[in-house]
Amino acid sequence: MLQFHRIFSRLFCFCLLSIFSQSNLCAQALLGGSVKDNVGKALVGTSVSVVELKLATSADKDGNFSFTNVPAGRYTLQAKLLGYITQEKIVVVGSAPKTEHFVLNPNDEQLEEVVVMGYASVKKSDLTGAVSKVSAEDFNKGPITSPDQLIQGKASGVQMINNSGQPGGGSTVKIRGTSAVTGSGQPLYVVDGVALDGSNARPGAVGGELGTVPPSNPLAFINPNDIESMEVLKDASATAIYGSRAAYGVVLITTKRGKSGALRIDATLTGGVSSIMRKVDVLDGDQYREMLARYGLSLGDYGDNVDALDAILRDGFNTQSDVAFSGGSEDARFRASVGYQNQDGIVKTSNFEKFNGAFNGNFKMLESKKLGVDMGLVVNQVKERLAPITTNAGFYGSLIGQALSWNPTRSLYNPDGTLFIEQGSFMVNPLGMLGAYNDQSTVTNILGNFSPYYKVNDWLEYRMLGSIKYANGNRRTSTRSWINMLGIEGNANTRGGAASVGANEFTTTQMTHTLNFNKEIWDGLNLNAVAGYEYMRFENRGTFMSGREYGDIDVDYTDALQAGSQGSRSISSFNNPSSELQSYFFRAIFNYRSRYLLTGTIRRDGSTKFGVNNKYGNFPSFSAAWNIKEEAFLKNVSFLSDLKLRAGWGKTGNQEFPSGAAVDRYGYGLNGVLTSLNNGNPDLKWQSDEQTNIGVDFGLFNSRLTGTIDLFSKQTTDLLYPRVPYYPNSPGTAIVWTNLEGVIQNRGVELALQGKLIQTDEISWNIGGNLTLLRNRVRDLEGSYNTGLLNGQGLSNTTIEVVRSGLPMFAMFTRDYLGLDANGFSEYADEGYTYYYVGNPNPKALVGFSTDISYKGFSLVANFNGTLGNDIYNETENAVLAIGNLGTRNISRSYYDSGQMESFANPIAPSSRYIEDGSYIKLANATLSYRVGDLGANIKNLNVFVTGTNLLLFTKYSGFDAEINVEKSVGGLPSAGIDYIAYPSSRTFNLGIGFSL
Amino acid sequence: MKKSRYFKSHALGCGTGNSASLSKQSSGRKNAIYFFLALLHLSFGVACTDLNEELRGETNRGNLGSANPQALLDGLYLTMRGPYQGPWSWWALQQLTSDEAIPPTRGGDWADNGAWRALYLHRWQLDHTTIDGVFRVLNSVSYAATDLLTFSPNEQQAAEARFVRAYVQFDILSGWGQVPYREPAESVVGLSRVRQAEEQIEYLRNELQEILPILSNNGSARANPDAARYLLMKLFLNKGMLLNRANPTFDATDMDEVIRLADEIIGSGRYSLEDDYFANFAVDNHNSSELIFASANAAGENAGGLSNFWRVTTHMHMNPSGLNGFTTLSDVYDRFEEGDQRRGGTYPGMTDVAGVHIGF
């Protein structure tokens, strides 16, 4: 590429000779030099240009640049690099080589930092909304599998927790509180302008008594190593441009682009080991025998001493390698990357493997460089081997429950070494469960985008973005017949065993046209506007086959699906109603002398999902900002480097409901029998969100200390909910999607601070922190909606959370436990017949803190995050480890440690006894790295690092982890803060190296 | 391609190179404009849409086709199994709340989050699982009967459906004191309307009196005129209670009507009391001369949840094994005189085979 550039420039200048030559025909010389910063570091990639000749090149890895055969003359030599103040020098080129050295000064003003907003980039100083930007260097480190983990604890107002310790598992991301009465409540993710639909193409599996394995993270197809920055748009003035999908906030992901200059190869290799972070205390063999004696029970002691949880866990190895190639010229930049990640989960047999390839290019065409194309392609495949850990296992439990409740005096093996499986018993050997269960899923994602643009002139640019995302998921699940699981076990009546195979295809197409206008329209008044049209189309379809009664055949059931019984076969397929979105949007930012800013946006969204009477919605927003620092009276206040006051208001919407929800729908079943699937609602519309935000951005002591304070108030109305029709209704009647009358209020304060405490040549110490205070309430809602469905013996069909007026969302509403009475039975308020509001799973505060110290070549980064004031319902303790298990299964250690003798006959019931304080602070990850520097001639910037994740957990909660959210939804209404035998969290230690070539 | 152009201009010399490069510039611009317009045309042509939702794997109401009213009617009788067959539903709400049966909690067994105890002790919450569930299932039968009327049934079929609806609506009125309803073809999406006791009694009386002459007698498994008379009897007998539960007063004319209807049934000669009380519950009870209206089951082929009536009282270690659930109180047992058949005893085909007695 460099060759071509040389030829090009040589020939070009030859042609222009006749116009521009002043001296001897074809007299040329070498013009060269270097670009360094104020501490002597070479500034690779600086764009150096000879302005009049329209020659341009980039500074190489040593900061050197050169132009050959520059005709004699007087020119302006310009050096430009983002983050540095552009410099120009006048040079006179004669026949002798000329050298110029640039020393560029960093542009410390953070105000010039560019922030990606919807559909355009805006200078940070022009921002009037509440946006948190997290750049690659601030991301969380460790064996990260999806992008949302990168910003955990980094942005105020954002609660991000991993639902469990499952590798690649799902996460709960809530921006500024909970307001989802249905759906996931997750924000809208936009990757390089392509909006994702948040779906995961992994198919389901036949559940039965075992339950449903939780889904994995739909964002796992993005390689975190390819991400340059993530912007979280929080208030309505920033998100309204995304209209009816923006109510839960928007996260913009910008991937790394090629940098012009010499070919640069960056590689990172890391490997490490993970082990269980924390265990739940149950009894060991001797303690169990003692308890049996205490209760005078004669049965239940089998003589052994076994730790069943230990038996199913292992030290899991993980490895990750990423290589990225980037380079090109100013006009043709590219970046290509390949990545491989393999994580063995701490539960035996579980595994997460990811293959990634990405390519993106930025090309400018025509001599005027007015026409350009940005393109990108991401190809990714995620392969998972899933463990039999589910969210809703019944009496027989799923793996973790089976391991915790395994009788510790009973060996897991027979004397001959084979696994001990007790036919017909409800006690399932956890090692047997692992051996009998085989669940593999492969999800392939291809995301391609093509975006040509044309700069009509300096202030007008047209851009088109076309993208396709194709996801294909395949899943094969089988449970062998020899395991004594209800419905699976083979016996005299049935061969036993179950298997299923599923395949899904999800396609998303997007077409966006935007026109960008950025010009000074009046003296001092700048208008930055964007107008656009967007069209999106979603298509989902899939097939599913299952069978039973395979018996103990030699092959995996999914490889011989036909070997089951004919009567147990089931096949089905689906093709969701088409879903299209058509929108028009406009945003204008008025900027008067960088002092007064006014932003207005409007988006008109139409969706096929809305009912006929409400096909289109309008989502306006307004915000204003006052850069007080620019005012004359503050100009001379030296300790204040930045002070900006912001205020905004806007309306957004949410449309997370299935396509076809607004119309009557009937589905076909066996023999062509039609059943009603959905009752239509022609008035169905988006869920509306109205938000007001007031904020202050400030900077002190020359930006050594910067921060933001935001106050927000969100009202969510027209609550989407799949209501069961009022009685009388048909047997098995289908739901009707309704916008409920009622309001969900979320109010809070966000504080974010960054401090550069020490900044010398040798030592630097930066800290950053954020604190968010939240309050959530439901108002004016008629009726009460139950959620938080519990499972297990004595708990079937019980719900412990409600959505009801006057209480927070998912308020825990159950019996009030008062203690044990003299006979060892539970005592409740009003004898347990009345339920009370006894717990709140919504946090009162979110905290995040990070510190980054470097001394000479060493650097230590530590990231803390946590939530305060939230409750967790410990359903594991409630359902799986109750005292009544004594004699057959294991019990919680709390009974052994407690002074009180709880009655063996005390029935299992949900109550506030199992509500624990879930507040926690975690040292989520810490990295110690050493910058070796250059090694030999080829290896540059070698650094070695050690990273640990989940290192410290400070909490009163007694479960595996306080960062937990098991999905216990009822009729589409999600739940919060329930812990039920989920995949335990792991602590990892990784060693890695990174270098460039 | 670019390279060749430059070579050409080079060969021609600097002067011509000049104009060549200039024209290359303007043609380049033209190309860009054409490329652009083509893009615009392509993208807009593909994009703008009417936003019509296409159902792919599913269909909407218009394609349901005509349903067979007789099949729907057969199905309607089957839906009655939900609330009436088995001790978990309407039986539980009647017997467990009236102290005739008791669902004790033994350890963790039958604790079920206190659901059963709450019924017995009258301490239920407003979303009690059984109370809500039975309300829903009784109303679903009422809805199914109403819906059947939209499929052009003949007179007999319509009369049978209206009887079934009246039957369940009487129980809804008896249990909850008010009855929600919808008219045929009314959308299930909106609010339903509610009849209070007085209006509902009047409605039921009209319904039953209208269908009485239409119904023909096709056996006890289907609605028949005697069943309608029986339901009318029950209506008039309980009318005073339904209107004022605290202080009921019973009209003499209503009682006369009860007697008149009873005389009609007795006088028809179609029914007589069995000598063996338990013949009404035997496996061949379709031969019993006492049954006026009953729910049909065919063992092994097409049956509801009848076995649970037995299993709820028997123990796990009995044969066949039971659920060790409900029992009764000595007060109830003592109300039956010494020598009353219903107190129970042995039963051929049961006690000699499984050791289980009949009755209390």
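Figure 1. A:Phe810 is buried, with a relative accessible area of 1%. The structure shown here and in the other views is a predicted model. A:Phe810 sits in the loop that runs between strand E40 (799–804) and strand E41 (811–814) of chain A. Its phi is positive, about 60°, although A:Phe810 is not a glycine. Most residues other than glycine have a negative phi.

**Figure 2. The loop of chain B that holds B:Ala185.** B:Ala185 is found between strand E1 (178–181) and strand E2 (193–196) of chain B, in the loop that links them. The phi of B:Ala185 is near 70°, a positive value in a residue other than glycine. With a relative accessibility of 68%, B:Ala185 counts as exposed, whereas A:Phe810 of the previous view is buried.

Figure 3. The bond from A:Tyr727 to A:Pro728 is cis, and its omega is near -5°. A:Pro728 belongs to the loop between strand E35 (719–723) and strand E36 (735–740) of chain A. Most peptide bonds are trans.

Figure 4. A:Ile90 is part of strand E6 (residues 87–93) of chain A. When neighbours within four places in sequence are left aside, A:Ile90 is in contact with A:Arg74, A:Tyr75 and A:Thr76. A:Phe701 is 611 residues from A:Ile90 in sequence, and the C-alpha atoms of the two are 36 Å apart in space.

**Figure 5. Helices H8 and H9 of chain B.** The axes of helix H8 (residues 155–176) and helix H9 (residues 197–211) of chain B come within 10 Å and cross at roughly 155°. Angles over 145 degrees count as roughly antiparallel, and H8(B) and H9(B) are therefore roughly antiparallel to each other. Their crossing is left-handed. On the H8(B) side the contact is formed by B:Ala159, B:Arg162, B:Phe163, B:Arg165, B:Ala166, B:Gln169, B:Phe170 and B:Leu173. These meet residues of H9(B), among them B:Ile201, B:Tyr203, B:Leu204, B:Leu208 and B:Ile211. By class, the residues of this contact between H8(B) and H9(B) are eleven nonpolar, two polar and four charged.

**Figure 6. Helices H10 and H11 of chain B.** Helix H10 (residues 225–243) and helix H11 (residues 252–267) of chain B have axes that come within 9 Å and cross at roughly 160°. H10(B) and H11(B) are therefore roughly antiparallel to each other, and their crossing is left-handed. The residues that H10(B) brings to the contact include B:Tyr230, B:Leu232, B:Met233, B:Phe236 and B:Leu237. Those from H11(B) include B:Met255, B:Val258, B:Leu261, B:Ala262 and B:Ile265. The contact of H10(B) with H11(B) has ten nonpolar and six charged residues, and no polar ones.

Figure 7. Chain A has nine helices and 52 strands. Its radius of gyration is 31 Å, close to the 30 Å that the globule rule gives for 997 residues, so chain A is as compact as a globular protein of that length. Along the principal axes, the C-alpha atoms of chain A fill a box of roughly 110 × 65 × 60 Å. Of the 997 residues in chain A, 58% are buried. Among its contacts between residues at least 6 apart in sequence, 70% join residues at least 24 apart.

Key
Residues numbered from 1 in each chain as written. Chains lettered and ligands numbered in written order. Predicted model: local features only at pLDDT ≥ 70, side-chain atom pairs only at ≥ 80, totals over all residues. Heavy atoms only, no water. Axes fitted to C-alpha atoms, helices over the stretch in contact; angles between N-to-C directions. Helix = DSSP H or I, 4+ residues; strand = E, 2+ residues; numbered from the N terminus. Parallel < 35°, antiparallel > 145°, perpendicular 65-115°, else oblique. Left-handed = near helix turned anticlockwise from the far one by under 90°. Contact = heavy atoms within 4.5 Å. Nonpolar A, V, L, I, M, F, W, Y, C, P; charged D, E, K, R; others polar. Rg over C-alpha atoms; globule rule 2.2 N^0.38 Å. Buried < 20%, exposed > 50% of the residue type's maximum accessible area, 1.4 Å probe, protein only.
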